[in-house]
Amino acid sequence: MASYLQRLLTTCVVIPRRSMVIQNCAERKETGTDFKSDFLRSHIETTSLQKILLACGSAIMSLYSPMRGDMIAIMGETAGTSAMKYMLEKMKISQEGQEILKIRPRINSKTVNLPQLANLPEGTLGKTYVNFLNKNNVTPDSRLQVQFVDDIELAYVIQRYREVHDLVHAILNMPTNMLGEVTVKWVEAFQTRLPMCIGGAVFGAMRLSPKQRKLYVASYLPWAIQTGTTSSFLMNVFFEKRWDQPVNDLLQELNIQPMKT
Amino acid sequence: MVLHRRIFWSMKPVSAGLALLPRTASYCHSSGRKSFDNEETHFGFERIKAHEKNEKVREVFDSVSSTYDIMNDAMSFGVHRLWKDIFIQRLGPTQGTRLLDVAGGTGDIAFRFLKYLKNKECSENNALGVKSNVTVCDINEAMLNVGRSRSKSLSWIDSSDISWVQGDAEKLPLNSDSYCAYTIAFGIRNVTHIERVLEEAYRVLKPGGRFMCLEFSHVHNPYLQWLYDQYSFQIIPVMGQVIAGEWKPYQYLVESIRQFPNQEDFKHMIQCAGFQHITHENLSFGVVAIHSAFKL
């Protein structure tokens with residue numbers, strides 16, 4: 001009992017005394033290519049109490065201010081440890097997943113040659129991805145670096161989840177409006193078990209307009225549930241090696257039926 | 001002790017005693033103006049080169065400026081407003097005071113100073129119509145911009161009564177012997193050389209002028225100190241991340257409080273700069289302290 005209390009006190013209450021260095025602009029910029037060095041640069045040591053407070057605070061702030069993408073990201077990091085472990089195990093039992101974990105590829109404008117992908121034929125994964133980015137005016141550089149996950153393997157899993165999110169949107173043909181985001185969140189919730197995805201799917205649906213809600217109930221939600229529960233684990237897809245693969249082939253391989261609109 | 005005849009403030013009593021030791025006390029170090037490339041200083045709990053500190057502090061305040069006031073309210077539960085109200089009451093300015101507020105970027109002290117005088121003008125007959133003014137000096141332009149926009153939104157402020165100047169507290173771009181009062185609130189712990197700031201304060205003040213500092217200080221009660229440490233290190237960076245989207249600047253802020261000299265040590269530093277009649281008063285059990293001194 002005494003040793004349990006001592007451990008509890010140490011993890012919850014002992015203040016991390018190591019200074020958080022405020023690096024100058026040149027140092028603070030992540031490489032974007034080497035995950036390990038970016039992880040070491042961005043990692044912030046936190047006690048269990050701080051993680052709990054961050055999880056609660058970011059959840060509340062996400063509801064209050066849904067535009068705070070950083071809050072949603074932090075909620076994913078602090079409230080999703082068991083989900084991250086689940087995802088890591090699922091990746092480790094897949095050959096493609098093991099390769100991803102070994103190489104730790106990144107998806108951003110430094111690592112992905114977007115102009116080259118734009119020259120691929122229509123219907124390929126690469127071309128579909130670039131079309132998605134252009135149509136929805138999003139960039140692969142908008143994903144935040146993981147800060148509050150202490151284990152590097154788990155940190156990579158959540159980083160990878162963030163960086164493939166737009167690719168998942170693209171292959172599921174879901175736009176970045178509220179309806180599209182909620183649908184993708186449902187698929188991700190079933191696949192990843194991240195509380196942030198579950199919360200995003202449930203609370204995001206409350207913000208749908210009446211017209212969107214009708215479509216959501218009639219077709220998007222049932223399709224998302226079916227896709228999320230029956231498709232292959234999307235985190236095991238090494239997208240970077242499949243840019244020239246036709247999307248329809250990929251969907252068939254992953255057991256995903258496109259939604260009938 | 002000879003006081004200058006023209007009194008620029010009403011002398012509010014403070015609780016600590018007088019300190020009339022001569023300037024050349026043996027424990028005073030000469031700050032000199034020479035700095036060495038390998039001179040080190042603290043930045044929170046980290047040791048860095050002294051010449052890097054200004055830039056690092058500038059980056060901290062660049063990143064917090066837009067949410068500075070909101071975070072102050074959140075971290076102190078609004079109590080910082082009371083501390084600043086008491087600070088201005090202790091200063092007790094009279095009409096005609098020329099105030100220099102250093103590191104006062106967003107204008108909290110300046111606005112309170114003008115409000116105090118405005119309320120005093122209403123209750124007293126300012127027959128001479130002597131105008132007071134305040135110069136707000138800050139090293140960070142982003143913080144000054146926040147202050148300027150706040151000033152514009154306050155209809156009762158006459159813009160000619162307040163001027164905004166970018167400058168380094170260690171080397172003020174201002175003439176000597178030109179201000180009646182010098183205030184620095186929650187700024188002095190961020191400077192690289194506290195003693196230079198104090199010397200500059202002495203230089204720009206007129207003889208008889210008053211130096212006042214409001215700064216986080218040391219809590220002496222060990223139980224309260226433990227609670228304060230827990231709150232500072234566990235809660236404040238989390239608040240910074242959730243409210244302002246920044247962790248590291250708020251980690252720096254709580255570390256820098258611990259690095260600042262305690263009440264007595266800071267009093268000695270003020271004395272070494274040449275000030276006299278130095279007193280200090282604790283607020284909130286020593287979480288903050290007001291130091292007051294005169295150039296005589």
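pLDDT is the predictor's confidence in each residue, on a scale from 0 to 100. The structure above is a predicted model, and for chain A the mean pLDDT is 87, with 88% of the residues at 70 or more. Residues 13–28 of chain A fall below 50 on that scale, although in the model this stretch has 50 contacts beyond near neighbours in sequence. Where pLDDT is low, the predicted coordinates should not be read in detail.

The next topic is the cysteines. Over all chains the number of disulfides is zero. Cys180(B) takes part in none, and the nearest cysteine sulfur to it belongs to Cys137(B), 17 Å away. Cys180(B) has a relative accessible area of 1%, so this residue is buried. Cys213(B) counts as buried because its relative accessibility is 0%.

The last topic is the largest pocket, whose volume is about 1100 Å³. Its lining is made up of 31 residues, and those closest to the pocket centre are Pro66(A), Gly69(A), Ile72(A), Glu181(A) and Lys185(A). Five helices of chain A each give two or more residues to this lining: H4 (48–64), H5 (69–79), H10 (152–172), H11 (178–192) and H12 (195–205). By residue class, the lining holds 14 nonpolar, ten polar and seven charged residues.

Methods:
Residues numbered from 1 in each chain as written. Chains lettered and ligands numbered in written order. Predicted model: local features only at pLDDT ≥ 70, side-chain atom pairs only at ≥ 80, totals over all residues. Heavy atoms only, no water. Contact = heavy atoms within 4.5 Å. Disulfide = S-S within 2.5 Å. Buried < 20%, exposed > 50% of the residue type's maximum accessible area, 1.4 Å probe, protein only. 1 Å grid on protein atoms, 1.4 Å probe; cavity = no way out; pocket = protein on both sides within 12 Å on 5 of 7 lines; lining within 4 Å. Points joined across faces, edges and corners; volume = space filled by probe spheres on them. Helix = DSSP H or I, 4+ residues; strand = E, 2+ residues; numbered from the N terminus. Nonpolar A, V, L, I, M, F, W, Y, C, P; charged D, E, K, R; others polar.
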